[in-house]
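The sequence and the structure are shown first.

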Amino acid sequence: MMIVGIVAVCAVLAVLAFLVPRFSRHPERGTQRTLGLGSRAGSKAPGPLGRLFSKPFRSSSKAVGRSGSAGRRARGHMPF
């Protein structure tokens, strides 16, 4: 279920970044901040479990950043 949510957020951010690049940064940062909280909470677990619990949040945060930057980059390549 979390995977579907992250994919949906990435898609929305990519479209938002393509249509209005300047206004896409705030939702992107908010999403990354929320995922960062989950990563920090997961890393509190002892030993290897901490890395295991925080990894989905770290990779999701990277995916959100990539989708936003890809939308802005695609907008920059438009001829008009």
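**Note on helix packing in the predicted model**

1. In this predicted model, helix H2 (residues 25-42) and helix H3 (residues 48-76) have axes that come within 7 Å and cross at roughly 170 degrees. Because angles over 145 degrees count as roughly antiparallel, H2 is described as roughly antiparallel to H3.

2. On the H2 side, the contact is made by Arg 25, Glu 28, Thr 31, Gln 32, Leu 35, Gly 38, Ser 39 and Gly 42. H3 contributes, among others, Leu 49, Gly 50, Phe 53, Ser 54, Phe 57 and Arg 58, and also Val 64, Gly 65, Gly 68 and Arg 72. By class, the residues of the contact of H2 with H3 divide into 5 nonpolar, 11 polar and 4 charged.

3. Helix H1 (residues 2-19) also packs with H3, at an angle of about 25 degrees and with the axes 7 Å apart. Since angles under 35 degrees count as roughly parallel, H1 is roughly parallel to H3. The crossing in which H1 passes H3 is right-handed.

4. Which residues of H1 meet H3? They are Met 2, Ile 6, Val 9, Cys 10, Leu 13, Ala 14, Ala 17, Phe 18 and Leu 19. Their partners in H3 include Pro 56, Phe 57, Ser 60, Ala 63, Val 64, Ser 67 and Gly 68, together with Gly 71, Arg 72, Ala 74 and Arg 75. The residues of the contact of H1 with H3 divide into 14 nonpolar, 4 polar and 2 charged.

5. The largest nonpolar core consists of 5 residues: Ile 6, Cys 10, Leu 13, Leu 35 and Val 64. H1 gives the most to this core, with 3 residues. With residues up to four places away in sequence not counted, Ile 6 touches Leu 35 and Ser 60. Of these, Leu 35 is itself one of the core residues and belongs to the H2 side of the contact with H3.

6. Attention may also be given to the loop between H1 and H2, where Pro 21 is placed. Is Pro 21 buried, partly exposed or exposed? Its relative accessibility is 25%, so Pro 21 counts as partly exposed. Leaving aside neighbours within four places in sequence, Pro 21 is in contact with Leu 16, Arg 72 and Arg 75. The C-alpha atom of Pro 21 is separated by 9.1 Å from that of Ser 69, which is 48 residues apart from Pro 21 along the chain.

Note on methods: Residues numbered from 1 in each chain as written. Predicted model: local features only at pLDDT ≥ 70, side-chain atom pairs only at ≥ 80, totals over all residues. Heavy atoms only, no water. Axes fitted to C-alpha atoms, helices over the stretch in contact; angles between N-to-C directions. Helix = DSSP H or I, 4+ residues; strand = E, 2+ residues; numbered from the N terminus. Parallel < 35°, antiparallel > 145°, perpendicular 65-115°, else oblique. Contact = heavy atoms within 4.5 Å. Nonpolar A, V, L, I, M, F, W, Y, C, P; charged D, E, K, R; others polar. Left-handed = near helix turned anticlockwise from the far one by under 90°. Buried < 20%, exposed > 50% of the residue type's maximum accessible area, 1.4 Å probe, protein only. Core = buried A, V, L, I, M, F, W, Y, C linked by side-chain atoms within 4.5 Å.
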